[in-house]
Amino acid sequence: MPEPDQHTLARRKDIIAAMKDVIPSPGGVIVDEDQLRPYECDGLMAYRQLPMIVVLPENTGQVAAILKYCHTHKIRVVPRGAGTGLSGGALPMADAITISMMKFNRVLDIDWDNRAAVVQPGVTNLGITRAVEHKGFYYAPDPSSQIACSIGGNIAENSGGVHSLKYGLTTNNVLGVEMVTIEGEILRVGGKGLDQTGYDLLGIITGSEGLLGIVTEVTVRILRKPETARALLLGFNSSEEGGKCVAAIIAAGIIPGGLEMMDAPAIKATEDFVHAGYPLDVEALLLVELDGPQVEVDYLIERVGNIAKDFGAVYSRISETEEERLLFWSGRKNAFPAIGRISPDYMCMDGTIPRVRLAEVLAGMQVLSQRHGLGVANVFHAGDGNLHPLIMFDANKPGDLERAEAFGGDILKLCVEVGGVLSGEHGIGVEKRDLMGEMFTADDMKHQERIKMAFDEDQLLNPGKVFPTLHGCGELKTLHAKAVADKFPTIPRF
């Protein structure tokens, strides 16, 4: 991480006083060490750092005032949602103000005719669905942490969920945002309309990991609840057979509402924890959900069942009631805490691969598991190739954390080698920052940095995340001009 700025630390008392002027309400500025402790990390608990101070603004005007002050006085800022992120995206800095957005927790408007909801960024993912479900609507992206994670954090990391295969990630379900820049300027991008003119700034903001601005309002798409939804459990004697079945289902033109996969260690841990009725004598389990009109669902369940038989399925069970369908899903959504019951610590990875390489990558992970001497349980969004290997280790054992990090790095390198990417939904943050060179060339990253500089020239917003090394704005301009001159030497320069 960047070295703390001693000049900023020396001004801590003045900064605290200024923040209390902006947020006069009790508890709006946190400075006591014990009260700062809950903010020292996000869901990637291997890395911790006490923030300089934490502020909890209550409205957009306060956010704008805070950022304008930080821009004027060159103070670093770390935006934070619910703190459930798994890549260290909200890791504080010793010389930075952490801005918690959890007081922005209201649903502002529900537009049934346009099928849109306007909410503040601190509203939980599940909270949006609960606000609209009484009229048969829901919000589609559903991370496993949906009961706690905030929609603002979902936008920062472009979060997905078990139903993203059919209904898309956050970027496919956000229609507009209000965002405050580091200068304190309030921008509105997008809205309830389906198509916006000009550059796709909303696409840049979604997944930008707090590097471009702070979102203070969100407009999301809400969908009608499907007429029918049924889930199908399919068991296989090997992960390779299960992986091939996944590819075959998609190749047949069937797009399930959800298509998840778990291997034997994850199945056992989850069944012991949730008692969802998972079979314990299989090596891989697929959870396939089909939704839509009842006649279509009945037809597709039969087709998927037949495909599974062709690929060696040894177990098949179809949900007969809504309660049973939800029970099937409760196992999958509680897989992470289930692993936490059997391992002192675990590291949840996040890489995405082409579906056709699934069996190969799963086999490769077993080789890496033996090489690093650590166990791994696999729970993942198989339909879109988004893997979530859970590396089990004990942080109290010397060297275990380092081995887990090396194991995770090798998994992500394997994902890139087979044509995949470093992240499907958790973001880059700190965890994958130093692996960016595995996926992008130096020129690729410089172009991404230029976008960062257009929003935040002084690199005050969430520094130390995503980019292994940040160049200065002037340096990037020089590098760009030199690269163009070298590539096109005959073009006249002015």
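Reply: Let us begin with burial: a residue counts as buried when its relative accessible area is under 20%. This is a predicted model, and in its chain buried residues make up 54% of the 494 residues.

Me: How many helices and strands does the chain have?

Reply: The chain holds 18 helices and 20 strands. Among its contacts between residues at least 6 apart in sequence, 71% join residues at least 24 apart.

Me: What does the radius of gyration say about the chain?

Reply: The general idea is to set the value beside that of a compact globule, which for 494 residues would be near 23 Å; the chain has 23 Å, so the two agree. Along the principal axes, the C-alpha atoms fill a box of roughly 65 × 60 × 50 Å.

Me: And how should I read the surface and the charges?

Reply: The accessible surface comes to about 21100 Å², and 53% of that area belongs to carbon and sulfur atoms. As for charge, the chain has 47 positive and 65 negative charges, whose mean positions are 3 Å apart.

Me: Turning to one residue, is T170 buried or exposed?

Reply: The cut-off for buried is under 20% relative accessible area. T170 counts as buried because its relative accessibility is 0%. T170 lies in the loop between α7 (164-167) and β8 (174-180).

Me: Which residues does T170 touch, not counting those up to four places away in sequence?

Reply: With those neighbours set aside, T170 touches Y139, P141, N154, I155, N158, S159 and T206.

Notes:
Residues numbered from 1 in each chain as written. Predicted model: local features only at pLDDT ≥ 70, side-chain atom pairs only at ≥ 80, totals over all residues. Heavy atoms only, no water. Helix = DSSP H or I, 4+ residues; strand = E, 2+ residues; numbered from the N terminus. Buried < 20%, exposed > 50% of the residue type's maximum accessible area, 1.4 Å probe, protein only. Contact = heavy atoms within 4.5 Å. Rg over C-alpha atoms; globule rule 2.2 N^0.38 Å. Areas by Shrake-Rupley, 256 points an atom, 1.4 Å probe, with all protein chains shown as cover. Lys, Arg positive; Asp, Glu negative; His and termini not counted. Charge placed at Lys NZ, Arg CZ, Asp CG, Glu CD.
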